[in-house]
Amino acid sequence: MEALIAGVIGLLTTAGVYLLLRGHTFSVALGLALLSYAVNLFLLAMGRLTLNRPPILGSGQTDYADPVPQALVLTAIVIGFAMTAFLIALALRTRYETGSDQVDGVETTDPAPDP
Amino acid sequence: MLLFIALIPLLGALLPLWAGGRRGRDVSVWTTAAVTAASLALLLWLSPVVFDGVVLQANWPWLPQLGLNFTFRLDGLALLFGLLITGIGLLVILYARYYLAERDDLGRFYALLLLFMGAMLGMVLADNLLLLLLFWELTSLSSFLLIGYWHSRADARQGARMALTVTAAGGLALLAGFLLLGHIAGSFELSTVLAAGETVKNHPGYPVMLMLILLGAFTKSAQFPFHFWLPHAMAAPTPVSAYLHSATMVKAGVFLLARLFPVLADTDLWFYLVGGTGLITLLFAAYAALFQHDLKGLLAYSTISHLGLITLLLGLSTPLAVVAGVFHIINHAVFKASLFMAAGIIDHETGCRDMRKLNGLFKYIPWTATLAMTAAAAMAGVPLLNGFLSKEMFFAQTVYQAAAGGEVHWLLPLLATVAGIFSVAYSARFIHDVFFNGEPINLPRLPHEPPPYLRAPVEVLVAICLLVGIAPAYTVGPLLAIAATSVVGGPLPPYSLAIWHGFNLPLLMSSLALIGGALMYWQRRRLFRLGDRYPPPDGKALFERGLNLGIAATRRLTEGLENGSLQRYLALLIGVALVAGVAGAWQGGELTGDQPLPPVDLLSLLAALLLVLTTGLTMLWHRQRLTAIILLGGVGLIVVLAFIRFSSPDLALTQLTVEVVTTVLLLLALRYLPSDALPESMPSRRLRDAGLAILAGIGVAALTWGGLTRPLQPELAEYFLATSLPGGGGANVVNVILVDFRGFDTLGEATVLVIAALGITALLTGGFPLPIRSSPRVVSIEERWPLLLRMGARPLLALTLLLAAYIFLRGHHLPGGGFIAGLMTALALATQYLAGDFRWTTAQLNLDYQRLMGGGLALIGFTGLVSALFGYPFLTSAFTHAHLPIFGDFEIASAMAFDLGVYLVVVGAVMRILLELGQANAEENGWKP
């Protein structure tokens, strides 16, 4: 199970990094979202994998999953959303200012919008 | 009380600004003078104790962990410098009032002057190395501003910049030296450091530390080869030159040498470095001074030369040399300040400083000329004036050193005499060229005697020159004694302050210097021709070239790194992270821990395979945007499943709602971002990126594996699990952590959310790109908003809101809480906008989301303040339980109000973000906000 999770997190990271390195804002946003998944899963995994023992007290069990990473990840998800949204707003504004959605540092204007 | 001596000018610096703006020149003079006089009075009030040999100390802790404290000491040396700074400061303030023109901003000048004065006083009074350095840097900064006071002039700006660059670079070296010194001595407190002399000198780090500290001192005191900034600093108004470049700032370096004398001095290294630098500076600058045609330039080089003399004396390290050095500090400050002021008067009256044109001024300004000539005679070391006495002591010391033999050669007294000859020659030039030597040539205007107040400071200073020169033991004797005592750090050997010591070698040297100097001046034409052919090297050109090289190099580096390509930045960033990770892993250690691992179940394997598939396809098809968004949603849903599988229901709920909101957002944005059907990068680039990505993935996977195969330290989890119910009153530990234990973090995160929403509003206001494709055809209302959706959405709103309320209320005990409820509410509201006409929905809902999130944030802060009101720490929670039908048992806690705040922030921010994009969509369809 652990190897599976490690592999999945690695794959998400690979996909995220690869898309982050593309030259268009939309790909970067996608990459960032994928990387967020990887990071969130990684944080959760650092509390070790616990099956069927959510940290809700009084459900008749004595052993619970680690609540600390979960609290961290919960806010990370919300902040991650805010970050994605900000990135998209930035992409839109950039396209307004420069007429392009490229982030490769080369000044180009994309073809005029369809009539 | 000590603190106030430095603090009064620092705070008082604001007064002239205020007065200068509103009240006119005289008020700002008097306030500035009053502030200075207050500091001076404090010093004088405290001085009797110091004369009794007591070292006054005061101590306020600042950052004791770093060894940084507000500790001050007033000993003889500090008192001497304090009196110089405030005394000459007073005279300069009076002088500047009449020197600066009507159009100059006097308030700003005085404010800067007081700032400098406070920094200088703080520096000489500091009893802590770090505090001393702080004030040291403040003097550099304020002198930069003062040199550049006439900031419309290019030479003033360049001079100021050069002075700052050189002295600040020295300051950096000094910081390193102080850190080393503090480390070796075990404390940054001067009192401790001064007592640790033997430890420091025997430490292997002593040479490096000494060189660093000397770099600081030499740059500040304009010692060769760092002297070149001082002549260019002459672009400053003359009162600044008189104050900073004769009496105070340039003395900071020698002050430091004197201050640390007991710790650092009396080693061979000290002797050669300090003595050698002093000697070279003394000779070189005296030679260069003779060839200056600018009045202030001559004085600047002569200042450098005299500073070299003081440095040389301190380098000799004998107690009597120290006495001579300290004595010369006083004398030089007095006669050089008066000379600068006299030069300023001449400049002011004639509009010219060129000694080739200034001739025969004696008959126009006889009284000023007499004063200036007296001061210049003191500079040359003519008997009955103060300069003679300290120069005589200097000659005596060189002879003494030569007689003592050892490493000191007979060359020393000889070179001292040569320096004396030059010094007499340039003084003679100052006197003869300016006041006699024919008639003025093409002066802008012929001079008159200046207003009496402009001359008064010169009169006072020259009077001191005479008094000290005639009766040294009765005037300056006691002050000199206590100052030198605190430098040496012990009792002084007997010496006599008198004009006449009988016929001896030093007297012979003085006479030689006087006669030789006169001869040299007489033969000056021949020398000038020589000087024109071999001009003294100017450090400025070298400095400029070095500066330009440095700037070009940094520009190349910046342009190489920062070419505007996000791809390059990210690639560099990830590359560096990889290198750091590999470097860490290189140091060895097992990757796999010894934790027993559970087997994989089929369901998990299936989910993982699905995740691999969706992720891979997202990566492959990222150019087909709609598909990519849908696939990304698929990835997100599997992550939700993973959260459920690994016992985190709260996360699953949050991720699920966020997933929906993100998808809506991406879909909204899709219309405005061009599609790139063509692959935009070269295959080689894609290969490189893939390589980086795979390496990063392997790294993260290895890290995860290493973590997962090791046992967890359970203390933190156990603490929260044990205290959640008794301490926070909730069974859902994750929620209790968020709203109670780590409430302050949550407050921060709520704030981030609000900032993001506001930032997006700002970004998208007034700058929206055109859509890629406009609507292909006119659609009917029915087609755009299907009836079923429209009708269904309204009851759905009520239902969802009810569900959100439920999720919210139970959140403290069961999965749920403010974050999730907020996201659900936002979704329900967003559905209304999607299902109906934008304008209609806006009118119906009539919600100000900006206010909503602001209110939420305020509520969170308010909850915290309430607990503070009752005397508990910020954000402490209190709770009691209540029972409602249907909802069951829940507790009313202050954490509930907190969670409500979170809820409001989430609703407000998410809706704000979505509407910002959605509104543009609507506007395009003819809707006006």
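The dialogue below asks how several labels in this predicted model follow from their definitions.

Student: What kind of model is this, and how are residues and chains labelled?
Tutor: Residues are numbered from 1 along each chain as its sequence is written, while chains are lettered from A and ligands numbered from 1 in the order in which they are written. The model is predicted, so local features need pLDDT of at least 70 and side-chain atom pairs count only at pLDDT 80 or more, whereas totals for chains, interfaces and linings use all residues, and side-chain values use heavy atoms, with hydrogens and water left out.

Student: Why is the pair B:Asp75 and B:Arg259 called a salt bridge?
Tutor: The term requires a side-chain nitrogen of Lys or Arg within 4 Å of a carboxyl oxygen of Asp or Glu; the closest N and O atoms of B:Asp75 and B:Arg259 are 2.8 Å apart, so the pair qualifies. This pair links distant parts of the chain, 184 residues apart, with B:Asp75 in the loop between strand 2 (68-74) and helix 4 (76-99) of chain B and B:Arg259 in helix 13 (residues 249-259) of chain B; helices (H or I, at least four residues) and strands (E, at least two) are DSSP runs, numbered from the N terminus.

Student: What makes B:Asp75 count as buried or exposed?
Tutor: Buried means under 20% relative accessible area, exposed over 50%, and partly exposed in between, with a 1.4 Å probe and protein chains only. B:Asp75 has 2% relative accessibility and therefore counts as buried, and B:Arg259, also at 2%, counts as buried.

Student: How do you know that the length of helix 10 of chain B agrees with expectation?
Tutor: The expected span of a helix is 1.5 Å times one less than its number of residues. Helix 10 (residues 206-220) of chain B has 15 residues and should span 21 Å, and because its end C-alpha atoms are 21 Å apart, the two values agree. The buried residues of helix 10 of chain B include B:Tyr206, B:Ile213 and B:Phe218, and just after this helix B:Ala222 takes a positive phi of about 55°.

Student: What makes a set of residues a nonpolar core, and which residues have the most contacts inside the largest one?
Tutor: A nonpolar core is a set of buried Ala, Val, Leu, Ile, Met, Phe, Trp, Tyr and Cys residues joined through side-chain atoms within 4.5 Å. The largest has 205 residues, and those with the most contacts inside it are B:Val200, B:Trp229, B:Leu260, B:Leu264, B:Trp270 and B:Phe435. Helix 17 of chain B gives the most to this core, with 19 residues.
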